[in-house]
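Please open the structure in your viewer and keep the selection tool at hand.

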Amino acid sequence: MKEKCTAIVLAAGSGKRMGTRIQKQYLDICGYPVLYYALKCFQDSPLIDEIILVAGERDIEYCRSDIVGKYHFTKIKKIVAGGKERYDSVYVGLKNCQDCDYVFIHDGARPFVREEILQQALQTVQACGACVAAVPSKDTVKIVNEEGLIVDTPDRSKVWIVQTPQVFEYALIRRAYDKLMNGPHAQVTDDAMAVELMENHPVKVTKGSYYNIKITTPEDMMLAKAYVQARSLS
């Protein structure tokens, strides 16, 4: 019997660093909104059974008509309102999952997730229960203090840049978030950190892609458009 996989796609962020009136996930890349590309990957993947889209409360009707309806994303079963912080939105998504075995948590501002990443992640999570897409750092990383002075230089061979999707056994990530949201409120910056802190469960890195960028600044939009144009030409 096939194990059920649910994708939670997060699109509730405000995108302040982009400096635009329109949230970054709805900006145009070569005729389609940023969010479209990630949703299409999950829609087309035979691994994914359903999608839960977590949007800003004011954007739900727009998503229903101009994203889900317009592009016929039939796997999107629910569009729910997110919270103030990313972890609030993830928790809303988790509470709206039904009878799933594995959950893929993905930022809607990462348009270039690919099927190969999903396949690799599923194989890894089936073996160890928790994994994140990531790539080795190309750059030397410095740890600095409050005064901007370098205090440490980690071994670059051990430094990975974490992306999404982050994929978990549903029961594991739900327990972690139940503890996080209902206990002393630790500050977590991604879902892996919630599992590490709340469940003391190891999280494995799985192969991501250097193309799997997150749209955060105007420079990222330039790169994204160039990538789409190059892919269409090839």
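The model is predicted: local features need pLDDT of at least 70, side-chain atom pairs count only at pLDDT 80 or more, and totals for chains, interfaces and linings use all residues. Residues are numbered from 1 along each chain as its sequence is written, and side-chain values use heavy atoms, with hydrogens and water left out.

First, select helix α1, residues 34-44; helices are DSSP runs (H or I, at least four residues) and strands likewise (E, at least two), numbered from the N terminus. Nine of the eleven residues of α1 are buried, that is, under 20% relative accessible area with a 1.4 Å probe, protein chains only. Among them are Leu35, Leu39 and Phe42.

Next, display the largest nonpolar core, which has 47 residues. Such a core is a set of buried Ala, Val, Leu, Ile, Met, Phe, Trp, Tyr and Cys residues joined through side-chain atoms within 4.5 Å. Which members touch the most others? They are Leu39, Phe42, Leu53 and Phe104. Helix α1 supplies the largest share of this core, eight residues.

Now select Leu53. Beyond its neighbours within four places in sequence, Leu53 is in contact (heavy atoms within 4.5 Å) with residues including Val9, Leu35, Leu39 and Ile76.

Finally, select Asp107 in strand β6, residues 102-107. Asp107 counts as buried because its relative accessibility is 9%. Its side chain makes a polar contact with the side chain of Arg86 at 3.2 Å; within protein, such a contact is a pair of N or O atoms within 3.5 Å, one able to donate a hydrogen and the other to accept it, and residues adjacent in sequence count only if both atoms are side-chain atoms.

Conventions: Buried < 20%, exposed > 50% of the residue type's maximum accessible area, 1.4 Å probe, protein only.
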